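I opened the model to look up confidence, fold and the contact between the chains. My notes follow in the order in which I made them.

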Amino acid sequence: MKTHGRLMIFSLVACVAYTLAYYFEWSLFQYYFAQNSIGGFWEEGGASGPPILWYGWLATAVLAGAAAAGAIPQRWVARLLPDLLWLVPIVLIFAALMYERRWFM
Amino acid sequence: MFTALVLFHGLVSVALLGALTHQALAVVARRAEARSPSFIARFRRTDPAAYSTAIVVLFAVVVLTGAVLYPSYRLVVRPTLQTLDLRAANGVFEIKEHLSAMGLVLLPAYWASWRQPLVAEYSAVRVGLTWILASMVWWNFIVGQLLVSIKGPV
């Protein structure tokens, strides 16, 4: 049960972190597909062509989720409301739809 | 190699779609309906817990192969969409991208909620996450097929 709680914390935090990552463009790294090269988040792009940020957003989310799952004390994990695990993703999916509606205007 | 990987990605997606659809319907099946001999009832009668590990593996494989294919999409398909000014097609793919990532990070919670013995406290989580993942996979599958149709053979 302890492991279950931590897995659920991972998912919850990683899902929120992914949303923040694409919204604020917090990409841990960028992949320049035209050059087949990787740049760190501190590097300026430009000359290497357009980057793919999705891999970096996902890495940011996994890192945040893993950090939270490892760092949050067990007593807080035990207090997690199970319903948040499906309610929060629904809100985040709605947020993603709202964010991407720019393509349909 | 690219075509083989697209084919593999598509085939695994079909398996995932079938497994998640079965599980999503079975998890909300009422016992009375489940006793009926009809095709729908039999379809829904499956043990939903039996699918969870396979779904986690299939989902991860689909996202992984999709991630490998993604640069080719950016090099080949996306420029075509931009040339044809198909903004909505680009938009539905952006949504697919977000749903894939969110689905992937939700897998640990989904898997934990389906572990045996099933915990009654997580029953709403099981139903909720199963339906969320099933909706994501349906969206992603339809969008994938749509974009392949727009681009045509590579």
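**Confidence**

Helices (H or I, at least four residues) and strands (E, at least two) are DSSP runs, numbered from the N terminus. For chain B the mean pLDDT is 90, and 94% of its residues reach 70 or more. I also noted an ipTM of 0.93 and a pTM of 0.92 for the model.

This is a predicted model, in which local features need pLDDT of at least 70 and side-chain atom pairs count only at pLDDT 80 or more, while totals for chains, interfaces and linings use all residues. Residues are numbered from 1 along each chain as its sequence is written, and chains are lettered from A and ligands numbered from 1 in the order in which they are written.

**Chain B**

I found six helices and zero strands in chain B. Its C-alpha atoms fill a box of roughly 55 × 30 × 30 Å along the principal axes. Of its 154 residues, 35% count as buried (20 or more other C-beta atoms within 10 Å of the residue's own, with C-beta atoms placed from the backbone).

I checked the length of helix α1 (residues 2-27) of chain B. Its 26 residues should span 38 Å at 1.5 Å a residue, and the end C-alpha atoms are 37 Å apart, which agrees. The expected span is 1.5 Å times one less than the number of residues. Buried residues of α1(B) include Leu16(B), Leu20(B) and Val27(B).

**Contact between the chains**

Which chain gives 29 residues to the contact, and which 32? Chain B gives 29 and chain A gives 32, a contact being two C-beta atoms, placed from the backbone, within 7 Å. On the side of chain B that touches chain A, α4 (52-83), α5 (87-113) and α6 (123-151) of chain B each supply at least two residues. The largest share, 16 residues, comes from α5(B).

**Sheet of chain A**

I traced an open, antiparallel sheet of three strands in chain A, in the order β2-β1-β3. Strands pair if DSSP finds at least two bridges between them. β2 (37-40) and β3 (51-52) of chain A stand at the edges with a single partner strand each, so one side of each is left without a neighbour in the sheet. Four bridges join β1 (residues 29-32) of chain A to β2(A), and Phe29(A) stands opposite Gly40(A) in β2(A).

Methods
A residue is buried if 20 or more other C-beta atoms lie within 10 Å of its own, exposed if 12 or fewer, and partly exposed in between; C-beta atoms are placed from the backbone. pLDDT is the predictor's confidence in each residue, from 0 to 100.
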